Amino acid sequence: MSDKQKLVDVKNLKVHFPLFGGVLSRRVATVKAVDGISFSIKRKETIGLVGESGCGKTTVGRALVAILRQLYPDVEIDGSITYNFNGKSVDFARLKPRELRKYRSKVQMIFQDPFASLNPRMTVAQIISEPLQLHTKMNDSEMKDRVGWLLDKVGLQPEQAYRYPHEFSGGQRQRVGIARALATNPDLIICDEPVSALDVSIQAQVINLMMDLQEEFGMSYLFIAHDLSVVEHIADRIAVMYLGNVVEFGESSTVYYDPRHPYSKALLSAVPRPDPHRQRESRIVLEGDVPTPLNKPSGCGFRTRCPLAEKSCAEEIPVLEEHALEHWVACPIVKEKNAG
Amino acid sequence: MENTPTVDQAAAAQEQISLSVLKKRWLKFKSIKRGYYAFIILITAYIISFFLPLLINNRALVVKYEGEIWFPVFQGYIAGSTFGEDVPGEANYRELKVKFKSEKGNWVIMPPYPYGPYEDVTTAGNKMYEEPGRGHWFGTDNTGRDVFSRLLYGFNISLSFAILFTIASYLIGVSIGAMMGYFGGKFDLITQRFIEIWATLPFLFVMIIISSIVRPNFFLLIVILTLFGWIGMTYYMRAEFYREKTKDYVAAAISMGQTHKKIIFKHILPNSLVPIITYFPFAVIGGIGSLVGLDFLGFGLPPPTPSWGQMVSVGLQNMVKWWMVLAPLGALFTTLLLIVFIGEAIREAFDPRVYSRLR
Ligand SMILES: Nc1ncnc2c1ncn2[C@@H]1O[C@H](COP(=O)(O)OP(=O)(O)OP(=O)(O)O)[C@@H](O)[C@H]1O
Ligand SMILES: [Mg+2]
């Protein structure tokens, strides 16, 4: 795997939200939503990002499209998000808004809630042509053609362009969202649980559409989900997140069939799978609640619920180590066991 | 590229089916008859009131005098001597009309209701405290001015004042509230503290002080009232923008590199119109009330201006002349009632329970 193929390299990314309180609005606490994660996405690749609710998946996605600073002026971002656009490398964690604007067309996002992600006061044509207005020099008729073409690509009728979002079903709205993300030919699309708000019957349709589009246009996906079975189907590699950290990262089948980190094991044991190759393991039920990112345990975030936890786990945050080829796990205990 | 389907063909037909939410609300508003009719009546009356100088005026529309044609309504002041009239100052066109009846070739066309709002006792032919009758429909006041005429001119002034005041304070209040909710952080914090301090300024004292230094006129009054009136809207707008900003369509707009200005005005504002529109009629009522109050207390528009507050005030000093009290109070009551009906209907049309999915 040469570096040339790499589209984005995330290194030690931290996203902290300070909380203010009191009369003078003094800083009272810090939400460590993302606390030092590293991974990379190659061209034409799909990375699956899984984890429980509140572990920081959306925050990672928003960091990658660089919208956190505008959404939350107080946010603290550390680390680097280095994109490689046609040989030019830019760090989205550091770029000024003005410079960022040039690259915004390259990274787009599809959102979880198709009812909130489309402006209810704009027609579909207005919604899809907005990125075109910002990033291309198309005239009106070219833009119309492009909108019609995009709608066709995502399986909608071009005649529906002059309707408002509320006249569409959830699945259709999500297709509009996909068309908007696709409009500027991005290199990477962040998909933040794009199907979790949809009916099960429609989920497969939308996922297949996204896979077809990737085949045709060759962009990369960061596919966020909390359902591992969905991700296994679409992703080339999977990153498992727990409380702001990536605990396991590797080829999709490796992580899926041979999880090493105790958290991944627990997560996977909850997925019902008709799989003859895999011996029946008893379901691992985790004890206790997920700690909040406001008040993380010291050292390994998972140690309060981990069946393998030892004293040493409280000392340092474990880093990802390569346990097997291209299979990264953040747990020294597991490594010791496998070695010994 | 293959032959891709074009958007235009079906567009025209689709556009009619696809009504924006605002259009749907307008239709709903229309279906609420009381509010809709009140709206029609008020708007019609307001539009007509701009043509009052042609309908209710002591200046003639046209005068023909010795072969020459004059348009006093448009030309303004014309001395009486011009028409061979023996009066000091401006011509008295009502008397001129009577006089010209006997003169060949000379004639005067008066407006349908030939009494102006500014005439007073110094003009010959005016009587003080005349009871309502065929000449003066609502009688005359303590200076011999026609009450009906002043009432209608006062309608235009009151409503124009209130609407301009509302628009001005909304422009400021909406912009500042929107920025507070949208940018949040330090800007929000500092502006909030400023507003808290500003809101404690005693409006009436400031008003008394200002009007003792300068004689307030129409626009100065609007400016002063606006300085105190913009605050209310910021609360609603701040909350609206705060809520809307968390929605993903804003995140999407930011992710494609849209500017803050466009996001505020093109994306979020159209979704935050509900408080603006639903409070507009009530803000207009507040504006009328403020002007009436200030005029009543004598800090408002300068005296010859036909204003309802001043009319009520003078009327109360002459309680026995019942028409001088009842007329302005009745006009005020009717106008406010019409606006309340409108406001009520707007509120119902915008009730989120009906279109909760569309908001
Ligand atoms: N603007 C913010 N201010 C403070 N805390 C925040 C903010 N945004 C997110 N958080 C917190 O950061 C943590 C991670 O949030 P995030 O939305 O990234 O989780 P998620 O993995 O996407 O969860 P879900 O599966 O529910 O979407 C949560 O505990 C959340 O409460
Ligand atoms: Mg999320």
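This is a predicted model: local features need pLDDT of at least 70, side-chain atom pairs count only at pLDDT 80 or more; totals for chains, interfaces and linings use all residues.
In chain A, the largest nonpolar core takes in 65 residues. Over in chain B, helix α14 covers residues 273-297, and three strands make up an open sheet.

**Nonpolar cores**
- Four residues touch the most other members of the largest core: Leu64(A), Ile81(A), Tyr83(A) and Phe92(A).
- Take Leu64(A): beyond its neighbours within four places in sequence, its contacts include Ile81(A), Tyr83(A) and Phe92(A). Also among them are Val10(A), Phe39(A), Ile41(A), Val107(A) and Leu188(A).

**Helix α14 of chain B**
- With 25 residues at 1.5 Å a residue, α14 of chain B should span 36 Å, and its end C-alpha atoms sit 35 Å apart, so the two values agree.
- There's a bend of about 45° in α14(B) at Phe280(B), with a proline, Pro281(B), following within four residues.
- Just past α14(B) comes Gly298(B), which has a positive phi of about 90°.

**The three-stranded sheet of chain B**
- The strand order is β2-β1-β3 in chain B, and the pairing is antiparallel.
- β2 (68-70) and β3 (107-109) of chain B are the edge strands; each has a single partner strand, so one side of each has no neighbour in the sheet.
- From one strand to the next, the twist averages 15°.
- β1 of chain B (residues 62-65) pairs with β2(B) through three bridges in the antiparallel sense.
- Tyr65(B) has Glu68(B), in β2(B), as its bridge partner.

Key. Residues are numbered from 1 along each chain as its sequence is written. Chains are lettered from A and ligands numbered from 1 in the order in which they are written. Side-chain values use heavy atoms; hydrogens and water are left out. A nonpolar core is a set of buried Ala, Val, Leu, Ile, Met, Phe, Trp, Tyr and Cys residues joined through side-chain atoms within 4.5 Å. Buried means under 20% relative accessible area, exposed over 50%, partly exposed in between (1.4 Å probe, protein chains only). Contact means heavy atoms within 4.5 Å. Helices (H or I, at least four residues) and strands (E, at least two) are DSSP runs, numbered from the N terminus. The expected span of a helix is 1.5 Å times one less than its number of residues. The bend at a residue is the angle between axes fitted to the seven residues ending there and the seven starting there. Two strands pair if DSSP finds at least two bridges between them. Axes are lines fitted to C-alpha atoms, for helices over the stretch in contact, and angles run from 0 to 180 degrees between N-to-C directions.
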